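Have a look at the model first, then read the points in order.

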Amino acid sequence: MERGPAMKKRSVRGSKSGRPIMVLLDLLGRRWSLRILWQLREGPLTSRALRDACDGASPTVLQARLSELRQAGFVELIRSSGYGLTAIGRELLETFLPLHRFAERWRKQRKD
């Protein structure tokens, strides 16, 4: 993907690699990152609703992950409705749907 002049390069705190896949995996591997993205799949949530959906996440950690996901361009703050996925965030989540379907099949197989 080519970057236009208005797009600035965004880095993920703690990522030592310059390889895009490694930077992405570093971000998504942080505790609660994937859960936040997954919870936003059906639409925006307020900070409180997101905290409730991510049972067990401390408010401090949740806000840190939201900040990182916003900086990466996957999540945006929508004044009237809370946090939501950006277009690229929705695209990222779509790439996880085959993995989700696989996990469901795998879970059923393990129960047999």
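1. Reading along the sequence, you get the pattern α-α-α-α-β-β-α. That comes to 5 helices and 2 strands. Keep in mind that this is a predicted model.

2. For the overall picture, 27% of the 112 residues count as buried. Take the contacts between residues at least 6 apart in sequence: 46% of them join residues at least 24 apart.

3. Now turn to helix H5, residues 87-111.

4. H5 does have a bend, though: about 30° at Phe96. A proline, Pro98, follows within four residues.

5. Which residues of H5 are buried? They are Gly89, Leu92 and Leu93. Their cover includes helix H1 (20-28), helix H2 (33-39) and strand S2 (82-85).

6. Finally, check the second largest pocket, with a volume of about 230 Å³. Its lining is made up of Leu34, Arg35, Leu37, Trp38, Leu93, Phe96, Leu99, His100 and Ala103. H2 and H5 are the elements that give two or more residues to this lining, and H5 gives the most, with 5. By type, the lining residues split into 7 nonpolar, 1 polar and 1 charged.

7. Two residues are worth a second look. Leu93 is among the buried residues of H5 and also lines the pocket. Phe96, where H5 bends, is another of the lining residues.

How values were computed: Residues are numbered from 1 along each chain as its sequence is written. This is a predicted model: local features need pLDDT of at least 70, side-chain atom pairs count only at pLDDT 80 or more; totals for chains, interfaces and linings use all residues. Side-chain values use heavy atoms; hydrogens and water are left out. The bend at a residue is the angle between axes fitted to the seven residues ending there and the seven starting there. Buried means under 20% relative accessible area, exposed over 50%, partly exposed in between (1.4 Å probe, protein chains only). Contact means heavy atoms within 4.5 Å. On a 1 Å grid over the protein atoms alone, a cavity is a set of points where a 1.4 Å probe fits but cannot get out, and a pocket is an open set with protein on both sides within 12 Å along at least five of seven lines; lining residues have an atom within 4 Å of a point. Grid points are joined across faces, edges and corners, and a volume is the space filled by probe spheres set on the points. Ala, Val, Leu, Ile, Met, Phe, Trp, Tyr, Cys and Pro count as nonpolar, Asp, Glu, Lys and Arg as charged, and the others, Gly among them, as polar.
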